[in-house]
Amino acid sequence: MSINIAGLTVGQDIGSRSIAVTRTDLVKYAGASGDFNPIHWNEAFATGVGLPGVIAHGMFTMGAAVQLVTDWAGDPAAVVDFQTRFTKPVPVADTTGTPEAGAVIEVSGAIGALDADAGTARVDLTVVSAGQKVLVKAQAVVRLA
Amino acid sequence: MTINPDLQGRSYPAAEVYDVGREKIREFARAVKATHPAHFDVAAAKALGHLDLVAPPTFAIIVAQRADAQLIEDPESGIDFSRVVHADQRFTHHRPIIAGDRLVAELHVDGVRAMGGGAMITTRSEIFALGNSDSADVREPVATTTSSILVRGEGQ
């Protein structure tokens, strides 16, 4: 699959998805990334430093959100630049032992800019959890065939 | 404890080599809920023209945060890790990270700005792939990552 830049327009929607997150997901991300900050897995520690509870790694949210772009582009290597600001934490409730999510992250993407000379499209992501924008200026630049 | 303003402009040279393994790419991909076959299936990655499994777009954070640890754990930095909040992050890929890559990261402290009783610190990791020789002279730029962390002061 390849996307032709000529067929894209600024503002065009590339889709959306909903990501369910549990405390187990945060433990997996900690192990996979090597980021063992206890605010992401220990309730007492998190509240002790003034957080509402255990929060997701910002890098978990960033990494999960970009999958919408990767799948749209058809090749993970097409994402040549990806940036964001972390504006609000994503508290993840302890739902261990139940099938419930501890948080839900809603991701949607739209074409923010096109550069025909460079052959790139910028996808702007909107990333929301519990009604709050958790990432701001989340932008992925995709190289198109 | 206050943040040492002299950190600005400091660099930490490339330290240990990070060997990118297939299982680590698969594990990291699962951890960010990625399902693209190029992260899991060598044949699928090769069909897209890659030499081996392709890492997800944020995989370089593993290497970058190891480099950042040199600064955070530096007793001269004055950074209390439990008061660190990640403020922003950027990845610029010069080429994709592929299983089999042998990566090193050079850390640069680009900015230190006092904020309240704390500080905003911006770091940049220049990530290179080594050739087979391990010679520091033969290295290919792979990614540049930049990251800002807010170290909260007391009462923030």
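Select strands β5 (residues 118-130) and β6 (residues 139-151) of chain B: 12 bridges join them, and they run antiparallel. Strands here are DSSP runs of E with at least two residues, helices are runs of H or I with at least four, and both are numbered from the N terminus. Two strands count as paired if DSSP finds at least two bridges between them. The model is predicted, so local features need pLDDT of at least 70 and side-chain atom pairs count only at pLDDT 80 or more, while totals for chains, interfaces and linings use all residues. Residues are numbered from 1 along each chain as its sequence is written, and chains are lettered from A and ligands numbered from 1 in the order in which they are written.

Within this pair, show B:Thr123, which stands opposite B:Ser147 in β6(B). B:Val112 has B:Ile121 of β5(B) as its bridge partner. The turn of the β4(B)-β5(B) hairpin has two residues between the strands, and B:Gly116 in it has a positive phi of about 60°. Colour β5(B) by burial: 10 of its 13 residues are buried. Buried means 20 or more other C-beta atoms within 10 Å of a residue's own, exposed means 12 or fewer, and partly exposed lies in between, with C-beta atoms placed from the backbone.

Next, select residues 9-127 of chain B, which an unreviewed UniProt entry annotates as "domain: FAS1-like dehydratase". UniProt positions follow the numbering used here, feature names are shortened, and annotations may be inferred rather than shown by experiment. Over this range the chain is 24% helix and 32% strand, with the end C-alpha atoms 18 Å apart.

Move to helix α1 of chain B and pick B:Arg30. B:Arg30 is partly exposed because 17 other C-beta atoms lie within 10 Å. The C-alpha atom of B:Pro56, 26 residues away along the chain, is separated from that of B:Arg30 by 9.9 Å.

Now select helix α1 (residues 23-33) of chain A, where A:Asp25, A:Leu26, A:Tyr29, A:Ala32 and A:Ser33 are buried. They are on the same side of α1(A) because they cover an arc of only 130° around the axis, the arc being that of the directions from the helix axis to the C-beta atoms. Their cover includes β1 (13-21) and α3 (58-65) of chain A, together with α1 (22-31) and α3 (61-72) of chain B. Just after α1(A), A:Gly34 takes a positive phi of about 85°.

For the interface, show the 29 residues of chain A in contact with 28 residues of chain B; contact means C-beta atoms, placed from the backbone, within 7 Å. On the chain A side, α1, α3, α4 (67-73) and β2 (79-86) each supply at least two residues. The largest share, eight residues, comes from β2(A). β2(A) pairs in the antiparallel sense with strand β3 (residues 84-93) of chain B over five bridges, and A:Arg85 stands opposite B:Asp88 in β3(B).

Finish with the largest nonpolar core, of 72 residues, where A:Ala65, A:Leu125, A:Ala140, A:Val142, B:Ala60 and B:Leu103 touch the most other members. Such a core is a set of buried Ala, Val, Leu, Ile, Met, Phe, Trp, Tyr and Cys residues joined through C-beta atoms within 7 Å. Strand β5 (residues 132-143) of chain A gives the most to this core, with six residues. A second, separate core of eight residues includes B:Ile3, B:Ile79, B:Val112 and B:Ile149.

Key: Contact = placed C-beta atoms within 7 Å.
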